[in-house]
Amino acid sequence: MVEHLTPSLDTVFQALTDATRRAMLRSLADGDRNIGELAAPFEMSLAAASKHVKVLERAGLVRRLVKGRTHICRLEPAPLAAADEWLRFYEQFWNLKLDALEALLKAEDGAPPKGKPR
């Protein structure tokens, strides 16, 4: 089996499937946090929070720095950029559907109401 040096999109998207991990990433966007700070909003144990951080680390989304007994976590945004790039391809389809909806709504606004002459 070939081991890739960079996390796959599958690993990134798998890490993002959990709301707790997404909230942890959002928190880390404001700056580095220790495991306790990441766990606090969820009333979870440090062990449970550490497991979530490990998933984020495997996806390359977080880097953990150990200073004595304190584990400091830092956001690593590069894998998010790769996921965003992948999603942008599909944006064209969303835009086509939204453009069609906009045209339909504008056409309805310009049409006389049913049953009433203009």
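In this predicted model, K106 and E102 sit together in helix α5, four residues apart, which is about one turn of the helix. The two side chains form a salt bridge, with the closest N and O atoms 3.6 Å apart. As for how open these residues are, K106 is exposed, with a relative accessible area of 55%, while E102 is partly exposed at 42%. The label for K106 follows from the cut-off, because exposed means over 50% relative accessible area. The general idea behind such contacts is simple: side chains of opposite charge can pair when their charged atoms come close.

Searching the whole structure turns up six salt bridges. One of them joins E91 to R88, again with 3.6 Å between the closest N and O atoms. These two residues are also in helix α5, but here the spacing is three residues, so about one helical turn separates E91 from R88. E91 has a relative accessibility of 31% and so counts as partly exposed.

Another salt bridge reaches from one element to another part of the chain. R63 pairs with E76, and their closest N and O atoms are 3.5 Å apart. R63 belongs to strand β2 (residues 62-67), whereas E76 is found in the loop between β3 (70-75) and α5 (78-110), so this contact ties together parts that lie 13 residues apart in sequence. R63 itself is partly exposed, its relative accessible area being 44%.

Now for the rings. The count of aromatic pairs comes to five. Among them is the pair of W86 and Y90, which is tilted, with 5.0 Å from centre to centre and 50 degrees between the planes.

F89 is partly exposed, with 47% relative accessible area.

Most residues other than glycine have a negative phi. E43, however, has a positive phi of about 50 degrees, even though E43 is not a glycine. Where does E43 lie? E43 is in the loop between α3 (35-39) and α4 (46-58). With a relative accessible area of 79%, E43 is exposed.

Notes. Residues numbered from 1 in each chain as written. Predicted model: local features only at pLDDT ≥ 70, side-chain atom pairs only at ≥ 80, totals over all residues. Heavy atoms only, no water. Salt bridge = Lys/Arg side-chain N within 4 Å of Asp/Glu carboxyl O. Buried < 20%, exposed > 50% of the residue type's maximum accessible area, 1.4 Å probe, protein only. Phe/Tyr/Trp six-rings, centres within 6.5 Å; stacked < 30°, edge-to-face > 60°.
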